[in-house]
Amino acid sequence: MAACLLITLPLEFVLGARVYRRARALLVALLPVVLIFSIWDIVGIVRDHWSYNPRYVTGIRLVFEMPLEELVFFVVIPICGLLTYEAVGSVMAGVRKLRRRGAPATRRVDA
Amino acid sequence: MPEYTVLTVVSVLVVVALELFWWRTGIFRTAQYWLAMAIVFAFQILVDGWLTKLSNPIVIYNPDEMLGVRAPWDIPIEDFGFGFTMVTLTILLWRRRLARDAARAAETAKADR
């Protein structure tokens with residue numbers, strides 16, 4: 001999970017995703033997702049859809065036996081998704097700007 | 001029907017319905033969303049593939065509660081619905097919040113004038 005955060009971190013600065021800099025909006029988007037997926041995870045544990053290999057989790061359990069790792073997962077993955085989404089957005093905007101600058105002036109007159 | 005399969009299908013349908021009939025942010029019509037999702041899915045295969053590999057799994061799935069289709073590698077096919085819902089819902093909530101902030105800012109700007 002730390003690797004996911006590290007890999008996507010440059011998107012914030014280099015590609016101008018500006019997700020962490022809008023912390024309030026990030027929090028508002030994140031909270032319902034963390035809540036819904038925590039409930040889903042707990043349902044999955046209680047109904048025996050899945051379990052965790054004790055060798056690879058810390059063993060720290062939160063409410064209803066949900067491993068700490070799952071909470072981290074539900075915070076990290078949505079953040080990475082948003083960073084990707086916003087980075088794609090700013091790259092696309094950059095490409096559009098370049099194209100406009102590169103287009104011959106006459107075309108703008110025609111239009 | 002296996003329960004994990006049902007929950008996944010329901011979650012995808014709910015998110016799509018939320019967007020199409022209620023929130024209408026329009027993201028499904030943008031290249032930005034689909035490009036981002038393609039990138040997310042590529043990375044999901046790497047991370048999820050590592051979490052679910054049958055040779056040495058971190059997450060162990062009950063075969064009775066899923067379809068049993070595992071690809072690529074040993075990723076349960078349902079995981080892709082799970083991931084779709086998680087990331088799409090986040091982007092939708094994010095877009096809604098930004099739109100609200102922008103509307104408020106415009107409102108204040110109007111009041112200032």
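Two residues are in contact if their C-beta atoms, placed from the backbone, lie within 7 Å. In chain A, residues 24 or more positions apart account for 65% of the contacts with a separation of 6 or more. The model is predicted: local features need pLDDT of at least 70, side-chain atom pairs count only at pLDDT 80 or more, and totals for chains, interfaces and linings use all residues. Residues are numbered from 1 along each chain as its sequence is written, while chains are lettered from A and ligands numbered from 1 in the order in which they are written.

Chain A holds 4 helices and 1 strand, in the order α-α-β-α-α along the sequence. Helices (H or I, at least four residues) and strands (E, at least two) are DSSP runs numbered from the N terminus.

| Property of chain A | Value |
|---|---|
| Radius of gyration, over C-alpha atoms | 21 Å |
| Box of the C-alpha atoms, along the principal axes | roughly 65 × 25 × 25 Å |
| Buried share of the 111 residues | 28% |

A compact globule of 111 residues would have a radius of gyration near 13 Å, by the rule of 2.2 Å times the number of residues to the power 0.38. A residue is buried if 20 or more other C-beta atoms lie within 10 Å of its own, exposed if 12 or fewer, and partly exposed in between.

A nonpolar core is a set of buried Ala, Val, Leu, Ile, Met, Phe, Trp, Tyr and Cys residues joined through C-beta atoms within 7 Å. The largest one has 37 residues, and among those touching the most other members are A:Leu82 and B:Ile91. α3(A) gives the largest share of this core, 10 residues. Beyond its neighbours within four places in sequence, A:Leu82 is in contact with A:Val19, A:Ala29, B:Thr90, B:Ile91 and B:Trp94.
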